[in-house]
Amino acid sequence: MMTIADNLNQVMSRIRQAAAEAGRNAEQITLLAVSKGHPTLSIKQAYQAGCRQFGENYLQDALAKINDLSHIDDIQWHFIGPLQSNKTRKVAENFDWVHSIDRLKIANRLNADRPPDLKPLNLCLQVNIDDEASKSGVTPVELTELALAVSKLPRIRLRGLMTIPRATDSLAEQRKPFQRLRQLFNELRAAHPQLSTMDTLSMGMSGDLEAAILEGATLLRVGTDIFGPRQAAR
Ligand SMILES: *Cc1c(COP(=O)(O)O)cnc(C)c1O
């Protein structure tokens, strides 16, 4: 049977190979291990295999795991799921990053809720790159205004953009939305010097991490290919 450490080795070698193909340094690509739907024990195994950054979507489950592992001080927790305004306080108190911001209201609340003894909370803005009515994320048209507003919040550090494109098996098709996100990112930074804190393109999951690396991803969010299939969301 494949262990989490074996899976991680395979993912790391895929990252190295895609980075080599892209002429990029694999060291500059952060691997976020998405542990939603998996128990604390799995996170411990991934930690022992070298992971230090973990992504969670469901607040109650995440808080239990963060509590279980509170004696380990070099883990960074990333909140990557949809975030409702009544949950911002717990997120601001317990996480280092939030990737799923698509409304100023939520960013304002996180700014107000971030405890003064912690560093500013790192945020990525989620972009609805395929423009599907059903999905979360800000549209490319609304993005500039949101980015400029978020960049002014003192307890927030705007780090970049995140997207979850429509799934497809074709590498060429997978690359298109990632390329659009990178272009948006570059245009925003070029047009607005106050957005120079943006250094993160959070894109690429188990099924499309190669395409994301080829298009400049700096942070991959990988769940299934590290931890195996997960239990249904509660
Ligand atoms: C679950 C999830 C992932 C991980 O997806 P896998 O296909 O299991 O790698 C990445 N990003 C977000 C936002 C997720 O919700």
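Mentor: The ligand is surrounded by 13 residues, the closest being Lys36, Asn57, Ser206, Thr224 and Arg230; a residue is near the ligand if one of its heavy atoms lies within 4 Å of it. This is a predicted model, in which local features need pLDDT of at least 70 and side-chain atom pairs count only at pLDDT 80 or more, while totals for chains, interfaces and linings use all residues. Residues are numbered from 1 along each chain as its sequence is written, and side-chain values use heavy atoms, with hydrogens and water left out.

By residue class, the shell around the ligand consists of six nonpolar, four polar and three charged residues. Here Ala, Val, Leu, Ile, Met, Phe, Trp, Tyr, Cys and Pro count as nonpolar, Asp, Glu, Lys and Arg as charged, and the others, Gly among them, as polar.

A polar side-chain atom of Thr224 is 2.5 Å from a ligand oxygen, and an N or O atom in the side chain of Asn57 is 2.7 Å from a ligand oxygen. Gly223 uses its backbone instead, with an N or O atom 2.8 Å from an oxygen atom of the ligand. On its own the ligand has 390 Å² of accessible area, of which the protein covers 89% (Shrake-Rupley method, 1.4 Å probe).

Now the salt bridges. Eleven are found in a search of the whole structure, a salt bridge being a side-chain nitrogen of Lys or Arg within 4 Å of a carboxyl oxygen of Asp or Glu. One of them pairs Arg52 with Asp74, at 3.1 Å between the closest N and O atoms. Arg52 lies in the loop between α2 (40-48) and β2 (53-56) and Asp74 in the loop between α3 (59-68) and β3 (76-79), so this bridge ties together parts that are 22 residues apart in sequence. Helices (H or I, at least four residues) and strands (E, at least two) are DSSP runs, numbered from the N terminus. Arg52 is partly exposed at 31% relative accessible area, and Asp74 is partly exposed at 35%; buried means under 20%, exposed over 50%, and partly exposed in between (1.4 Å probe, protein chains only).

Two further bridges lie within helices. In helix α4 (residues 88-94), Arg89 and Glu93 are four residues apart, about one helical turn, and their side chains meet at 2.8 Å, N to O. Arg89 is partly exposed at 46%, as is Glu93 at 31%. In helix α7 (residues 171-191), Glu173 and Lys176 are three residues apart, about one turn of the helix, with 2.9 Å between the closest N and O atoms of their salt bridge. Glu173 has a relative accessible area of 38% and Lys176 one of 40%.

Ala147, in helix α6 (residues 140-151), counts as buried because its relative accessibility is 0%. Beyond its neighbours within four places in sequence, Ala147 is in contact (heavy atoms within 4.5 Å) with Leu125, Leu158, Leu188 and Leu195. Gln126 belongs to strand β5 (residues 121-126) and is buried, at 6% relative accessible area. Not counting residues up to four places away in sequence, Gln126 touches several residues, including His99, Asp102, Ser136 and Met162.

Key
A polar contact is a pair of N or O atoms within 3.5 Å; within protein, one must be able to donate a hydrogen and the other to accept it, and residues adjacent in sequence count only if both atoms are side-chain atoms.
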